[in-house]
Amino acid sequence: MKNSILQNKIVRNIFVLIFWLLIWFLIARIVNQSLILPGPFEVLNVLLSLIKNINFWTDCLISIYRILLGYLLGIVISLLLVLISCISDTFKTLIAPLIKIIRSTPVASFIILALLWMGKNAVVSLIVMLMVIPIVYENVLNEYYSVDYKLLEMAKAYNFGFIKTLKNIYYPSIKAAFLSALISAMGLGWKSGIAAEVLSLPKRSIGSKLYYSKIYLETSELFAWTIVVIILSSTIEILIKRFLRGYINEN
Amino acid sequence: MRIRNLSFKYEDKIVFDHLDLNFNSDSTYIMGASGKGKSTLLKLIAGLLKPDNGTIEHDFKKISIMFQEDRLLPWLNVKDNLLLVCDDINEVDKILKEIEIDGSLSVKQLSGGMARRVSLARALLYGADLLLLDEPFSGLDKKMMKKMSNLILSKGVKLIVSGHDELEAKLLNAEIINI
């Protein structure tokens, strides 16, 4: 039963993919100018030639490294901010406008500002970190405040202490919101990281390859790199979801 | 234990206004209609709430409270819930036999009466010298009520119980105080 559902899903997805490839192929044929819209076969050829080159893999790995570094830093800092906000209302009040500004400011403004202040390589990780912080901070903090006070009162009555309360009440209560925030933050972090690369142009990066493809009017290469971004983003999201789901089931 | 001149209010709702109570018996049953402040009184004695005025004088070292709601952690099984208040696994296994509940059951699998018994077991396992029980027998049939009363009395600790039923007071050999 489960297998047949899975098979149906795979067949359906393949059908959807073929449908859109066909639409792309037809429009490309109508436009008939590969500089404006290359066809899927042309892009596939460029993609195949790209992946044969060792530099392609280095660029991808370096981009992934920068983005994951910003992502992990963002998570750690968010959790520290949550912890301090839980202890100090003053801190929470002081940091609230900062979080709101980070959340509302266009990512391009941050990238340009960051470029004035630091090196190209650090900009990407910083931008990803900034995008991750509001998502994780707000989700975890909101969940912290919705922890069942009756359970907290029980913990107090039975003298659980800080660590035991954190481990047995706070953590299980906020776990689901935390993990879903991590997944959302990865999606946004990835897109922002690539955007930061496009604007800051670090030497080895997917973003700079996208930018130079556009500058040199290599539209097929631009499409090929965009496909790479989509594939990497989906793969990382799937891996994180699998890892987190496994973690939820274990705990 | 003595309560002197106790006043307490939730925002604008006055619950106790200069209340005086003496607890002379080993087992006391506080009786009163819903909303009279029985649960609040138990929480004040347990130190979970602070009185606006007055004092609660006692020399108990450790106080255990069974709340009106079961307040079990739904993400843990029964045994793990009990192990949170008592490290001695043999004691936990023993009380699980006494309350006739399988420790491996998830809290979500428990009926109302079963959850009540687990909540009572937790209060008993805490090893207090004063036991505060807030409507401990709700959801239990008479046979189980009797069994649980015997279990409570076998611990030989001082009791303050709240409820609406004189039969419960009788089962616990308790002196009734009306509030």
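Two residues are said to be in contact when heavy atoms lie within 4.5 Å. By this rule, in the predicted model described here, the contact between the two chains draws 14 residues from chain A and 20 residues from chain B.

How much area is buried between chain A and chain B? The size of an interface is often given as the accessible area lost when the parts come together. Here the buried area is about 1500 Å², and carbon and sulfur atoms give 63% of that area.

A salt bridge joins the side chains of Lys150(A) and Glu69(B), with a distance of 3.6 Å from N to O. On the side of chain A that touches chain B, two or more residues come from each of helix H7 (149-157) and helix H8 (161-200). H7(A) gives the most, with 6 residues. Sorted by type, this side of chain A holds 7 nonpolar, 3 polar and 4 charged residues.

Within chain A, a helix pair is also worth a look. The axes of helix H5 (residues 107-117) and helix H6 (residues 120-145) of chain A come within 9 Å and cross at roughly 145°, and the crossing is right-handed. Residues of H5(A), including Phe110(A) and Leu115(A), meet residues of H6(A), among them Leu126(A) and Met131(A). The residues of this contact divide into 10 nonpolar, no polar and 1 charged.

Notes: Residues numbered from 1 in each chain as written. Chains lettered and ligands numbered in written order. Predicted model: local features only at pLDDT ≥ 70, side-chain atom pairs only at ≥ 80, totals over all residues. Heavy atoms only, no water. Buried area = accessible area lost by both parts, 1.4 Å probe. Salt bridge = Lys/Arg side-chain N within 4 Å of Asp/Glu carboxyl O. Helix = DSSP H or I, 4+ residues; strand = E, 2+ residues; numbered from the N terminus. Nonpolar A, V, L, I, M, F, W, Y, C, P; charged D, E, K, R; others polar. Axes fitted to C-alpha atoms, helices over the stretch in contact; angles between N-to-C directions. Left-handed = near helix turned anticlockwise from the far one by under 90°.
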